[in-house]
Amino acid sequence: MASEQEVRNKQVVLKNYVVGFPKESDMEIQDSKITLKLPEDSNDTNSILLKNLYLSCDPYMRSRMTKHDRPTYVVSFTPGLAITGYGVSEVVESRHPKFKTGDLVWGVTGWEEYSLLTSPQQSQALFKIEHTDIPLSYYTGILGMTGMTAYAGFYELGSPKKGDNVYVSAASGAVGQLVGQFAKLAGCYVVGSAGSKEKVDLLKNKFGYDEAFNYREEKDLDATLRRYFPEGIDIYFENVGGKMLDAVLLNMRRGGRIPVCGLISQYNLESSEGIYNLSSLVTKSLRMEGFVVSDYYHLYQKYLDMILPHIKEGKISYVEDISQGLESAPSALIGLFSGKNVGRQLVAVAPKCV
């Protein structure tokens, strides 16, 4: 694979920082050039040249399209440069001792055809793919960051017990579809919400949710949750925020747990909505805790040991929404915020080398 051949490197570039709802026109496809050989450097033990195969579209990327006045857990994208995110890649050339030419990896890479990683921080964010009998695209989701998010949030923060009542918002998304199935494996009663009849049917008929509802059709979320949870909610896996979180707080049982994975209803607002029922945290002895998935990557092997047999035995269902070609990436990413995707949204960039 190593060659001094210079090739086109198509990239998805952020044009300007975004305020409000993002648009496809906030990004553009640019052509650059890249040499398919690492630069000569006798002291280099970190550089890795990657060919990107799949890219993951994730809600947290919206935050990176905004310039923040205060530090956040992820840095903002730089206008004029390729954006970055999770993906699956093939190693073209490597000077890193953990990776060699031909290895398949998942982790943080550029939204481009080829990416050159040069820093220790970048190489530390890569995981070698050992199980290639599973579709490679799964490593953008169920076997990658998304799966670890569902696993850490539900098991480590949710602390499920058999018979718990579990509610999952944005339940048909990349994380939610897994959390509901984990809840059933743990012997819980689980209800999910989504934004269309198609997605509600998917929750009940594909992912095994006990019940599901279309939140767009519910005028009173408090009453809706009381209908599905007359005895209250033990675990609320939070993906939405805003009015949904406010209604959930009123319906939590004493000692309930709320792992906060995301707040997608707030990402495109210039001013976030307030929460009015926080007193429930005190009166019901609730635990609400946010988390960053990278803090739990030390559990990745434990997670694989749990999830791989379930996948191979058909005990876990997984739905992907795959857009074809790097040109489709801006549309695929923006579609997340209007609910266009069904399941895990990703972009197929290229086939792996033979």
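**Figure 1. Buried residues of helix H7.** The buried residues of H7 are Gly 242, Met 244, Leu 245, Asp 246, Ala 247, Val 248, Leu 249 and Asn 251. Buried means under 20% relative accessible area, exposed over 50%, and partly exposed in between, with a 1.4 Å probe and protein chains only. Eight of the 10 residues of H7 are buried, so the helix is largely enclosed by the rest of the structure. Helices (H or I, at least four residues) and strands (E, at least two) are DSSP runs, numbered from the N terminus. The model is predicted: local features need pLDDT of at least 70, side-chain atom pairs count only at pLDDT 80 or more, and totals for chains, interfaces and linings use all residues. Residues are numbered from 1 along each chain as its sequence is written, and side-chain values use heavy atoms, with hydrogens and water left out.

Figure 2. Helix H6 spans residues 221–228, and Leu 221, Thr 224, Leu 225 and Tyr 228 are buried in it. These residues cover an arc of only 95° around the axis, which puts them on the same side of H6; the arc is that of the directions from the helix axis to the C-beta atoms. The cover over the buried residues of H6 includes strand E8 (165–168), strand E9 (189–194), strand E10 (211–214) and helix H7 (242–251). At the start of H6, a side-chain oxygen of Asp 220 comes to within 3.2 Å of the backbone nitrogen of Asp 222. A polar contact is a pair of N or O atoms within 3.5 Å; within protein, one must be able to donate a hydrogen and the other to accept it, and residues adjacent in sequence count only if both atoms are side-chain atoms.

**Figure 3. Lys 199 in helix H5.** Lys 199 is placed in helix H5 (residues 197–205) and is buried, with a relative accessible area of 9%. Its side chain reaches the backbone oxygen of Gly 339 at 2.6 Å. Leaving aside neighbours within four places in sequence, Lys 199 is in contact (heavy atoms within 4.5 Å) with Ser 172, Ala 194, Gly 339, Asn 341 and Val 342.

**Figure 4. Asp 26 in a loop.** The loop between strand E1 (6–14) and strand E2 (27–35) holds Asp 26. Asp 26 is buried, at a relative accessible area of 13%. The side chain of Asp 26 reaches the backbone nitrogen of Lys 23 at 2.7 Å. Not counting residues up to four places away in sequence, Asp 26 touches Val 13, Leu 14, Lys 15, Asn 16 and Val 18.

**Figure 5. Aromatic pairs.** The structure holds 19 aromatic pairs. Trp 106 and Tyr 297 form one that is edge-to-face, with 5.9 Å centre to centre and 85° between the planes. This pair links distant parts of the chain, 191 residues apart: Trp 106 is in strand E5 (residues 104–110), and Tyr 297 is in the loop between strand E13 (287–290) and helix H9 (300–312). Trp 106 is buried at 1% relative accessibility, and Tyr 297 is buried at 15%. Tyr 189 and Phe 229 form an edge-to-face pair, 5.8 Å centre to centre and 80° between the planes. Tyr 189 lies in strand E9 and Phe 229 in the loop between H6 and strand E11 (233–237), so the pair ties together parts 40 residues apart in sequence. Tyr 189 is partly exposed, at 26%, whereas Phe 229 is buried, at 2%. Rings of Phe, Tyr and Trp (its six-membered ring) pair if their centres lie within 6.5 Å; planes under 30 degrees apart count as stacked, over 60 as edge-to-face and the rest as tilted.
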